[in-house]
Amino acid sequence: LNLADTEWRVRELRDQFKGKKLLLGVDDMDIFKGISLKILAMEQLLNIHSEWRGKVVLVQIANPARSKGKDVEDVQAETHSAAKRINATFGSPGYEPVVLINGSVPFYERIAFYTIAECVVVTAVRDGMNLTPYEYIVSRQGSAKLDATLGLSPNTPKKSMLVVSEFIGCSPS
């Protein structure tokens, strides 16, 4: 939380998503993580609640698949197709409702995303002990340095929400 790279990236992301609610997903690109379902849920949100158009962004970090094969290629194609369709339908100059980041990001950058995201969504249909919820919770605790970067006083409560599928190992906690 106190790395200079994290502070720099938090500042950059804060400016990039200024005035928008940021939803975040961090998953491996595989058939069990439910990335395409999450993106389809974003589409449903924008369809049903037009008042959120232009105000909410889903950033999906799609780590590389740990395996290869047709099923992984199909998931990638479906995910990219859905994101492209949603951005074409609901996007506008300066607004992209789904930001799909292909490939892993450095740890400091992931922490920066957790720090500014008001909601992390973990929608796996089958998963073991996923650490994303824990990383998010710790990151949202913040640090004096990042609070100063965000212009928050140390006593300012942060809005945070965690949406977790019942099908992941950490959901009971």
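1. Of the contacts in the protein chain with a separation of 6 or more, 80% are between residues 24 or more positions apart, where contact means heavy atoms within 4.5 Å. The model is a predicted one, in which local features need pLDDT of at least 70 and side-chain atom pairs count only at pLDDT 80 or more, while totals for chains, interfaces and linings use all residues. Residues are numbered from 1 along each chain as its sequence is written, and side-chain values use heavy atoms, with hydrogens and water left out.

2. The protein chain holds 6 helices and 5 strands, and from the N terminus on these elements follow the order α-β-α-β-α-β-α-β-α-α-β. Both kinds of element are DSSP runs numbered from the N terminus, with helices being H or I of at least four residues and strands being E of at least two.

3. As to overall dimensions, the C-alpha trace spans about 50 × 35 × 30 Å along its principal axes. The radius of gyration of the protein chain is 16 Å, which agrees with the value near 16 Å that a compact globule of 173 residues would have; this radius is taken over C-alpha atoms, and the globule rule is 2.2 Å times the number of residues to the power 0.38.

4. Among the 173 residues, 43% count as buried, that is, under 20% relative accessible area.

5. N63 deserves a look of its own, lying in strand β2, which covers residues 56–63. N63 counts as buried because its relative accessibility is 15%. Although N63 and D27 are 36 residues apart along the chain, their C-alpha atoms are separated by 5.9 Å. Apart from neighbours within four places in sequence, N63 is in contact with V26, D27, D28, M29, G103, S104 and V105.

6. One of these partners, D28, is also joined to N63 by a polar contact of 3.5 Å between the two side chains; such a contact is a pair of N or O atoms within 3.5 Å, and within protein one must be able to donate a hydrogen and the other to accept it, while residues adjacent in sequence count only if both atoms are side-chain atoms.

7. D28 itself is found in strand β1, residues 21–28, and is buried, since its relative accessible area is 12%. Leaving out residues up to four places away in sequence, D28 touches K33, I35, N63, P64 and R66.

Note on methods:
Buried < 20%, exposed > 50% of the residue type's maximum accessible area, 1.4 Å probe, protein only.
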